[in-house]
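Please consult the sequence and the structure shown here alongside the text.

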Amino acid sequence: MSAERTSIADWLRGSAVYRSIVRHGTADTNRNRSLMIFENLFLHVHPVKVREKTLRFSHTYWLGGVTLVSSIVLIATGILLMFYYHPSVPQAYRDMKELNYVVDNGLFLRNLHRWAAHLMVFAAFLHMLRVFYHRAYRPPRQFNWVVGIVLLIVTLFLSYTGYLLPWDQLAFWGVSVGTNMAKEAPLVGEKIRFLLLGGNVVSENALLRFYVLHCVVLPVAFLLFLSVHIWRIRKDGGVQGPPTDVDDPRHEEAP
Amino acid sequence: MSGVPELHAVESTDPLAVPRRVALVRPDTRPTVRRNDERYMMTFPHLIVREVILFQVVVIALSLAAIAFDAPLEGIANPLETPNPAKAPWYFLGLQELLHYFPPIVAGVLLPGLVVLSLVVIPYARINLTAGPLWARGGKRTAPAIAAVTAALFVLFGAFGCWPIAIPTLLTAGAMFAARGGVEGGRLRRLLARVTLPEWIMTWFVVIATLLTVIGTFFRGPGWAFVWPWSGAI
């Protein structure tokens, strides 16, 4: 069985078309394994070699990774949901009913988007705590910590703007409570709330604004800051795990 | 700048780590360069395979959750019918719980603003970069300072009746004093004795944030009155 498959796979890998896309051979030598990383647009955020320690589970608990995977799931399911959604009253709510009862796997899609959103907020928070207790914010990573805080806030706003879109009682009153809080900011509070809602109360205008924020403005901001965040990890020498550095004051036995 | 900074020579001869090289680095910069005895692994397959597995585990777990639990959907939005209580999403329920104790400008603007500001300055505050264990220097001055700050915070939050903050403040201070001299104590006390001041403060914050969120989510009913979860707070 495997003999024939291997030969087909080998024939494919040897073909001129395949070799024009992937210029190196099978990743069976360290040379090809290196080429695989640095000849690939998506993988070249990685160095060709990583510190062995950083692969351990307890080094990062993969919490940033979980956050990133949730965001990928959210983008994928979010795009699919956009095909079935109109940001208008009362069609937005009817679309929810359509998703739940008419669209094939619509309920699954909506559930997946919802639970991935909760997971992302939760994992991002845990990731922040992990970085803090591991002191991974120390030089040269100070600014990446700040970028992380910005990402956390963008994540919260992404989740919050998405909360209004189903246009049910939960959404409407959840957002009313939150935007009433914004009103309390001195001087600019009322104006910020008006800008956010496109009016003085949560209405059809607010739904449209939250939709644009949720589907365009915030995802673009998120991807920009995410790029900086991940690029800087690479530039600063990879992920930083628990402190065992010579200059950590808690490790007095170190030289 | 006073003159040329002192430079360190870093050398590595381990072929598994890096090719032989000598570099001059300033002592106050990246700790990375001081690790010269590290083993390295090929990113492919060792890291990439782990990333793919992580992706699959998260997607499978989310899919199972999406099969098992349905996203909530209530009746269509109706501005004339206010649910009691009207709750924000769970990650803002800690803030909403604060509104119960403080004037809106404090709960909605001042406290969240202070939290964000405190988080942003973490890597720039000297104490976070250099702090050793809290009681490393005996604590002749630390002890009265902690006692005074704890008393002030307790009185401040207690005056507003905000026990979900006031009581964890007392408990945190209790744990801090229990850590004193813990180096010779049992396992738990030895662990506590290694905790630095910034870590105590973050732990204090996390406990309070969790407590407020849990109370807001599970223990608040009509009129934001305290109820038990089984009598319909959720």
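**Strand pairing across the chains**

A:K49 stands opposite B:M42 in β3(B). The model is predicted: local features need pLDDT of at least 70, side-chain atom pairs count only at pLDDT 80 or more, and totals for chains, interfaces and linings use all residues. Residues are numbered from 1 along each chain as its sequence is written, while chains are lettered from A and ligands numbered from 1 in the order in which they are written.

- Strand β1 (residues 49–51) of chain A and β3(B) run antiparallel and are joined by three bridges; pairing of two strands requires that DSSP find at least two bridges between them.
- Helices (H or I, at least four residues) and strands (E, at least two) are DSSP runs, numbered from the N terminus.

**Contact between chains A and B**

- Chain A contributes 72 residues to the contact and chain B contributes 65 residues, where two residues are in contact if their C-beta atoms, placed from the backbone, lie within 7 Å.
- On the side of chain B that touches chain A, at least two residues each come from β3 (40–42), α1 (43–68), α2 (93–99), α3 (104–121), α4 (126–130) and α8 (197–218) of chain B.
- The largest share of that side, 15 residues, is supplied by α1(B).
- The side of chain B that touches chain A comprises 41 nonpolar, 13 polar and eleven charged residues. Ala, Val, Leu, Ile, Met, Phe, Trp, Tyr, Cys and Pro count as nonpolar, Asp, Glu, Lys and Arg as charged, and the others, Gly among them, as polar.

**Helix pair in chain A**

- Helix α8 (residues 142–164) and helix α9 (residues 169–182) of chain A pack at an angle of about 135°, with their axes 7 Å apart. Axes are lines fitted to C-alpha atoms, for helices over the stretch in contact, and angles run from 0 to 180 degrees between N-to-C directions.
- α8(A) is therefore oblique to α9(A); angles under 35 degrees count as roughly parallel, over 145 as roughly antiparallel, 65 to 115 as roughly perpendicular and the rest as oblique.
- A:Y160, A:Y163 and A:L164 of α8(A) meet A:A171, A:G174, A:V175 and A:G178 of α9(A) in this contact.

**Fold of chain A**

- Chain A has eleven helices and one strand, in the sequence order α-α-α-β-α-α-α-α-α-α-α-α.
- Its radius of gyration is 23 Å, well over the 18 Å that the globule rule gives for 255 residues, so chain A is more spread out than a compact globule. The radius is taken over C-alpha atoms, and the rule is 2.2 Å times the number of residues to the power 0.38.
- The C-alpha trace of chain A spans about 65 × 60 × 25 Å along its principal axes.
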